[in-house]
Amino acid sequence: MIKYWKINKVKKLSEFLILNKDSIWISKIDESEISIDKAIEEKKLFGKTKFYKFSDFENIMFDEDNFNFILNYLTDDDGKKEKPIKIDIKKADYNDFKNHLLPIFKNSKLTDLSFFDKNKPIIFSLLATIGIGIFLIVTIGLSLKTLGILLLMTIIEIVVVKSLLKTPKNGKILKIN
């Protein structure tokens with residue numbers, strides 16, 4: 001079962017998202033030289049293809065606001081995690097891709113992004129500011145006026161963080177077992 005979608009075209013090269021039963025491939029080919037069907041059939045994708053095995057990932061996050069998905073790697077033995085892979089898909093192909101991917105993970109649950117997943121940076125910035133405020137009150141006797149300024153700065157910080165980060169408002173996570 002191999003299914004593909006054209007996700008980008010730059011000059012002569014077309015970029016395809018190819019879904020296999022155990023991996024996702026991102027491949028670039030020159031369609032004037034060979035069709036994607038023939039390239040897959042004759043196994044001529046390997047020079048310009050990136051392979052992402054599902055077994056290397058902890059979960060796949062579907063960002064339904066921006067029509068992309070994010071592959072989140074497992075943590076390795078040293079406690080390190082590779083940078084997530086973000087793949088943009090055309091709006092028309094997004095649901096088709098998702099519907100072809102889900103049957104591969106028959107026993108895995110697709111869950112809505114939690115409040116924490118969507119607002120993690122804001123929660124951390126708010127907790128850090130409250131912690132700093134409590135520390136300053138205890139150590140140097142921070143006045144209420146200064147505390148008010150600190151809270152105002154926290155609100156500004158939250159607005160800036162929220163506007164800069166592209167966290168999905170609507171999305172789902174596929175936990176890979």
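User: How are helices and strands defined here?
Analyst: Helices (H or I, at least four residues) and strands (E, at least two) are DSSP runs, numbered from the N terminus. The model is predicted, so local features need pLDDT of at least 70, side-chain atom pairs count only at pLDDT 80 or more, and totals for chains, interfaces and linings use all residues. Residues are numbered from 1 along each chain as its sequence is written, and side-chain values use heavy atoms, with hydrogens and water left out.

User: Where is Asp 77 placed?
Analyst: Asp 77 lies in the loop between strand S6 (68-73) and strand S7 (85-88).

User: Is Asp 77 buried or exposed?
Analyst: Asp 77 is exposed, because its relative accessible area is 84%. Buried means under 20% relative accessible area, exposed over 50%, and partly exposed in between (1.4 Å probe, protein chains only).

User: And Ile 123, where is its place?
Analyst: Ile 123 belongs to helix H3 (residues 115-140). Ile 123 counts as partly exposed, because its relative accessibility is 23%.

User: What separates the C-alpha atoms of Ile 123 and Ile 158?
Analyst: Their C-alpha atoms are separated by 8.8 Å, while the two residues are 35 residues apart along the chain.

User: Turning to the whole chain, how many helices and strands are there?
Analyst: The chain has 4 helices and 9 strands. From the N terminus on, the order is β-β-β-α-β-β-β-β-α-β-α-α-β.

User: What share of the residues counts as buried?
Analyst: The share is 34% of the 177 residues of the chain.

User: And what share of the contacts comes from residues 24 or more positions apart?
Analyst: Such residues account for 52% of the contacts with a separation of 6 or more, where contact means heavy atoms within 4.5 Å.
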